[in-house]
Amino acid sequence: MSFSSEIRKRLCEISQECDSCVPAELAGIMSFSGQLNADMLKFVTEKKYIAQKITEDISKCIGEKISFSGEKNIKIEISDFDILDKIRKKTNLTDSNFEDKLQNECCKKAFIRGAFLGGGCVTDPDMSYHLEFDTRYKISAERLCHIIKDFGILPKLTYRKGHYLVYLKGSDDIAHILGLIGANMGALKFYSVQMEK
């Protein structure tokens, strides 16, 4: 299992600090891996634990059981209008003041955690220092940058091959982000490697 995959798996086991953290985390996942349009919400993943986390968050948000299908290319597809409407209202993703709705620090952390689960990747610090979030949506990348800046970290944003990438290169900043989202094992490894160097 890769360093990123190990971190994602552990993040899926984290309990939320407040009820508002669940829709905040789901908003992060949707922003960086979901496809949401007027009549469909769709996720595709190869990792069962990610599919379980997504369906768990959606179920908690709307009070209805959601399931996934498949073993390798796992799909979550929701086309029921009422369910989609509930998800939109709970996550506030279509609200132009989205960032202002994330009042609690724990909810901001939950959004970043969701973004990592949806489109995050971090290199093993034994190899190099790089953490990035990958999305097809400019607004999602800009929102994430804004939220990360609230924690005193200045991420960079670039556009490559139809995707927006929010990234960090400094080991201290990467360790800080990993610690914020609950990936303490990953944060400690970055600090440890930095001390050894």
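**Close-up views: aromatic pairs and a helix contact**

Four aromatic pairs turn up in a search of the whole structure. The model is a predicted one.

**View 1. Phe32 and Phe133 form an edge-to-face aromatic pair.** The ring centres lie 6.2 Å apart, with 65° between the planes. Phe32 belongs to helix α2, and Phe133 to strand β5 (residues 131-135). This pair links distant parts of the chain, 101 residues apart. Phe32 is buried at a relative accessible area of 6%. Phe133 is buried too, at 1%.

**View 2. Phe116 pairs with Phe133.** Ring centres are 6.2 Å apart and the planes stand at 80°, so the pair is edge-to-face. Phe116 sits in helix α6, whereas Phe133 sits in strand β5. Here 17 residues separate the partners, and the pair again links distant parts of the chain. Phe116 and Phe133 are both buried.

**View 3. Phe32, Phe116 and Phe133 make up a cluster.** Ring pairs provide the links. Phe133 pairs with Phe32 and with Phe116.

**View 4. Helix α2 (residues 21-33) packs with helix α6 (residues 105-119).** The angle is about 35°, and the axes run 6 Å apart. The crossing is right-handed. On the α2 side, contact residues include Cys21, Ala24, Ala27, Gly28 and Phe32. On the α6 side, they include Cys106, Cys107, Ala110, Arg113 and Gly114. By class, this contact has 11 nonpolar, six polar and two charged residues.

Terms used. Residues are numbered from 1 along each chain as its sequence is written. This is a predicted model: local features need pLDDT of at least 70, side-chain atom pairs count only at pLDDT 80 or more; totals for chains, interfaces and linings use all residues. Side-chain values use heavy atoms; hydrogens and water are left out. Axes are lines fitted to C-alpha atoms, for helices over the stretch in contact, and angles run from 0 to 180 degrees between N-to-C directions. Helices (H or I, at least four residues) and strands (E, at least two) are DSSP runs, numbered from the N terminus. A crossing is left-handed if the near helix is turned anticlockwise from the far one by less than a right angle, and right-handed if clockwise. Contact means heavy atoms within 4.5 Å. Ala, Val, Leu, Ile, Met, Phe, Trp, Tyr, Cys and Pro count as nonpolar, Asp, Glu, Lys and Arg as charged, and the others, Gly among them, as polar. Rings of Phe, Tyr and Trp (its six-membered ring) pair if their centres lie within 6.5 Å; planes under 30 degrees apart count as stacked, over 60 as edge-to-face and the rest as tilted. Buried means under 20% relative accessible area, exposed over 50%, partly exposed in between (1.4 Å probe, protein chains only).
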